[in-house]
Amino acid sequence: MSQEVLLKVKDLRTEFFTSKKSSVTAVANISFDIYKGEILGLVGESGCGKSVTSLSIMQLLKDTPGKITNGEVILDGVNLVTATDNEIRNIRGGKMSMIFQEPMSSLNPAMRIDKQMIEGICLHTDMTKEQAREHAAEMLKKVGIPDPQRVLKNYPHQLSGGMSQRVMIAMAMSNDPQLLIADEPTTALDVTIQAQILDLMKKIQ
Ligand SMILES: Nc1ncnc2c1ncn2[C@@H]1O[C@H](COP(=O)(O)OP(=O)(O)OP(=O)(O)O)[C@@H](O)[C@H]1O
Ligand SMILES: [Mg+2]
């Protein structure tokens, strides 16, 4: 582990606005640092704000009634709370990515897996489409998908729950993120695969 701070979360507060005047505080002024190469576990009872903390870091609250009302999220020197949408788009999926609790929420149902993965890879690297396709297949193999070529041609609805979870994990890891947020990433998988996925994360770390 290095001495360099990768992520600094400072006094982060996220509220959900139920009306103009009333709000529910889901994250109440939380602060923590993550150093390069460090693994940090966030634990707490159901509903305590773990997922909302993750979404707040990723700046993914736009489609919800939630809003960051205080604090900073500094990734590698850049405050994500005040960054422009364009800056966030460059960082999200590249330098930082997230594995969601619910796989279907991050796969586009109308797009084949190959297209989704290749787009994500090409956006953040200088790989050609062909190279990106090869890289995508490699990532699928790494997360325990035995026949990547078939899965690449599928739409999300053609995959089982465990398969889509693995595809999502492969996608989140495919650009070698510096910050990988995993929100209960393996709950839907059997224990053998859980161990493999955690192993893979350790390797990438
Ligand atoms: N879209 C939303 N609108 C209103 N309130 C929300 C919304 N999303 C989350 N909340 C509230 O924010 C709080 C924190 O929820 P969060 O999903 O972060 O919990 P969690 O710690 O991840 O729980 P779990 O372990 O069950 O996944 C909860 O009280 C929840 O009701
Ligand atoms: Mg949660």
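Start by selecting ligand 1 and the residues around it. The shell splits into 6 nonpolar, 8 polar and 1 charged residue; here Ala, Val, Leu, Ile, Met, Phe, Trp, Tyr, Cys and Pro count as nonpolar, Asp, Glu, Lys and Arg as charged, and the others, Gly among them, as polar. Keep in mind that you are looking at a predicted model, where local features need pLDDT of at least 70, side-chain atom pairs count only at pLDDT 80 or more, and totals for chains, interfaces and linings use all residues. For your selections, residues are numbered from 1 along each chain as its sequence is written, while chains are lettered from A and ligands numbered from 1 in the order in which they are written.

Now show side chains for Ala-26, Ser-46, Lys-50, Ser-51 and Val-52: of the 15 residues around ligand 1, these come nearest. (A residue counts as near if its C-beta atom, placed from the backbone, lies within 6 Å of the molecule.) Which elements each supply at least two residues of this shell? Colour strand S2 (23-35) and helix H1 (50-58) to see them. H1 provides the largest share, 3 residues. Helices (H or I, at least four residues) and strands (E, at least two) are DSSP runs, numbered from the N terminus.

Next, zoom out and colour by domain. Domain 1 covers 1-92 and domain 2 covers 102-205, with bounds from an automatic or database domain assignment. Their C-alpha centres sit 24 Å apart. Across the boundary, 11 residues of domain 1 are in contact with 5 residues of domain 2, contact meaning C-beta atoms, placed from the backbone, within 7 Å. On the domain 1 side, strand S1 (5-17) and H1 give two or more residues each. H1 turns up again as the top contributor there, with 5 residues. By class, that side has 6 nonpolar, 3 polar and 2 charged residues.

Then pick out helices H3 (113-124) and H4 (129-142). Their axes come within 9 Å and cross at roughly 115 degrees (axes are lines fitted to C-alpha atoms, for helices over the stretch in contact, and angles run from 0 to 180 degrees between N-to-C directions). That makes H3 roughly perpendicular to H4; angles under 35 degrees count as roughly parallel, over 145 as roughly antiparallel, 65 to 115 as roughly perpendicular and the rest as oblique. For the contact, select Asp-114, Met-117, Ile-118, Ile-121 and Cys-122 of H3 with Lys-129, Ala-132, Arg-133, His-135 and Ala-136 of H4. You'll have 6 nonpolar, 1 polar and 3 charged residues on screen.

H4 and H6 pack at about 125 degrees, axes 9 Å apart, so the two are oblique to each other. Select Met-139, Leu-140 and Lys-142 of H4 plus Val-167, Ala-170 and Met-173 of H6 to see the contact. This set is 5 nonpolar, no polar and 1 charged.

Terms used: A residue is near a molecule or strand if its C-beta atom, placed from the backbone, lies within 6 Å of it. Two residues are in contact if their C-beta atoms, placed from the backbone, lie within 7 Å.
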